[in-house]
Amino acid sequence: MLLTDKTVVLGITGSIAAYKAADLVSKLTQAGAKVEVIMTESATEFISPLTIRSLTARPVVTGMFGQSLESAIEHVALAEAADVVAIAPATANVISKLAVGVADDMLTCTVLATRAPVIIAPAMHTDMFQNSITQDNLVKLKARGFIIVGPVYGRLATGTVGIGRLAEVEEIIATVKQALGRSGDLVGKRIVVTAGGTQEPVDPVRYIGNRSSGKMGYAIAEAARDRGAEVKLIIAPTSIPAPADIEITQVETALQMKEAVTQAVTQADALIMAAAVADYQPRSAAKAKIKKETADLSLELIRTPDILAEVGGNLVKVGFAAESENVVENARSKLEQKQLDIIIANDITDVDSGFGTDTNKVTIINRDGKTESLPLMTKREVADKILDRVVGLLSPKH
Ligand code: CTP
């Protein structure tokens with residue numbers, strides 16, 4: 001999701017991780033968000049408001065009565081303007097204040113006055129985080145609907161290793177998007193997405209694989225998450241990091257993917273199969289490494305199940321057709337054969353489309369014949385176009 005037209009109120013509190021907030025501000029701004037930053041007094045000891053102001057090109061609120069934005073009652077103004085409030089990093093101190101409703105500075109006043117979702121990204125020393133007071137406060141905040149992201153395990157400023165590190169910036173941004181998606185058009189819908197390319201073992205070191213990068217499936221899973229869906233992502237091996245805040249099942253082979261999909265779809269409203277599933281697997285994988293003892297080697301391959309064709313039920317089924325010739329015709333016949341609601345055809349011979357690229361040029365075909373050839377777009381844009389169609393089909397079917 002691009003964050004255009006969204007106002008993110010970001011609170012920075014006095015933790016050494018405050019410097020990471022600069023990266024967060026920068027990435028949120030690049031994604032199009034209007035970022036209004038409130039820094040507590042102690043945060044300004046760790047990072048200069050000038051750094052933040054240079055990134056947002058907006059005034060930074062640092063005190064209750066000092067610098068002013070447009071209005072004299074800033075705390076209500078920012079609380080009302082916010083589509084989401086995030087506190088990153090959040091100290092044990094601010095967490096305990098929020099848990100009991102203390103509002104003694106601009107940040108805590110804003111949180112108390114807002115109706116927007118509030119995200120808290122704690123960062124502190126392990127012992128402070130594990131202290132039962134902090135833990136109780138977090139439980140209280142969670143129960144009131146606050147969203148807690150992190151902290152994570154890792155190296156802390158004190159040089160020790162433990163839980164207490166600020167969640168990764170990407171994870172915090174994913175949480176922001178998810179919070180914004182709470183009012184999206186896929187709220188309450190369960191969507192299963194597959195991604196990556198299956199690997200069929202030949203022996204303990206070799207496999208039959210394909211060139212799928214997983215990028216298209218990941219883009220769909222992220223877009224669905226950002227529109228409020230509950231997403232289950234089934235991943236065959238890829239080399240790119242998995243999206244944050246999505247339930248993930250890792251599989252390797254077509255058979256494992258079939259099992260995972262069959263289980264996941266029992267509760268689902270839609271299945272989107274972006275994975276490249278092997279059509280054949282070796283009849284049996286050798287237990288030991290195959291040695292080059294013969295001049296030639298033949299492998300006996302057997303068919304794998306066609307997952308999409310075999311999965312049934314009252315759900316919207318979406319498939320992909322990676323084709324190198326007669327793209328649309330072949331895709332239409334796959335739509336029929338596999339009883340799909342939507343098929344996305346892409347020409348893998350096109351240099352900007354298909355495997356490994358960040359862009360894709362696709363034709364989306366619905367069962368009723370509605371066909372749309374889209375221009376070259378980012379995979380994320382394609383994902384949203386596909387989901388627009390899914391949303392259109394979900395309502396009457398469910
Ligand atoms: N698919 C599947 N199970 C398989 C093979 C493919 O569920 N064993 C799904 C893919 O995830 C994709 C769609 O079916 O959404 C079409 O995949 P594709 O590889 O284009 O088509 P195939 O059915 O394998 O046909 P062919 O390889 O002959 O083009």
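The structure is a predicted model, in which local features need pLDDT of at least 70 and side-chain atom pairs count only at pLDDT 80 or more, while totals for chains, interfaces and linings use all residues. Residues are numbered from 1 along each chain as its sequence is written, and side-chain values use heavy atoms, with hydrogens and water left out.

The largest nonpolar core contains 36 residues. A nonpolar core here is a set of buried Ala, Val, Leu, Ile, Met, Phe, Trp, Tyr and Cys residues joined through side-chain atoms within 4.5 Å; buried means under 20% relative accessible area, exposed over 50%, and partly exposed in between (1.4 Å probe, protein chains only). The residues with the most contacts inside this core are L10, I12, V37 and I52. At least two core residues come from each of β1 (7-12), α1 (20-30), β2 (34-39), β3 (84-90), β4 (118-122) and α9 (169-180). Of these, α9 gives the most, with six residues. Helices (H or I, at least four residues) and strands (E, at least two) are DSSP runs, numbered from the N terminus.

L10 shows what such a position looks like from the inside. Leaving aside neighbours within four places in sequence, L10 is in contact (heavy atoms within 4.5 Å) with A21, L24, V25, V35, E36, V37, I38, A86 and A88. A second, separate core has 35 residues, including L186, A219, V318 and M377.

Strand β19 comes next. All five residues of β19 (362-366) are buried. V362, I364 and N366 point one way from the strand, and T363 and I365 point the other way. Strands are said to pair if DSSP finds at least two bridges between them. β19 pairs with β17 in the antiparallel sense over five bridges, and A345 stands opposite T363. Three bridges also join β19 to β20 (371-373), again antiparallel, with T363 opposite S373. β19 and β20 form a hairpin with four residues between them, and G369 in the turn has a positive phi of about 100°.

Some backbone details also deserve a look. The peptide bond from A88 to P89 is cis, with omega near -5°, and P89 is found in strand β3. Another cis peptide bond leads from G150 to P151, with omega near 0°; P151 is in the loop between β5 (147-148) and β6 (152-155). N326, in the loop between β16 (316-323) and α13 (327-337), has a phi of about 40°. N326 is partly exposed, with a relative accessible area of 48%. Q339, in the loop between α13 and β17 (342-347), has a phi of about 55°.

The backbone nitrogen of R190, however, lies 2.7 Å from a polar atom of the D269 side chain.

Conventions: Polar contact = N/O pair within 3.5 Å; in protein donor to acceptor, adjacent residues only side chain to side chain.
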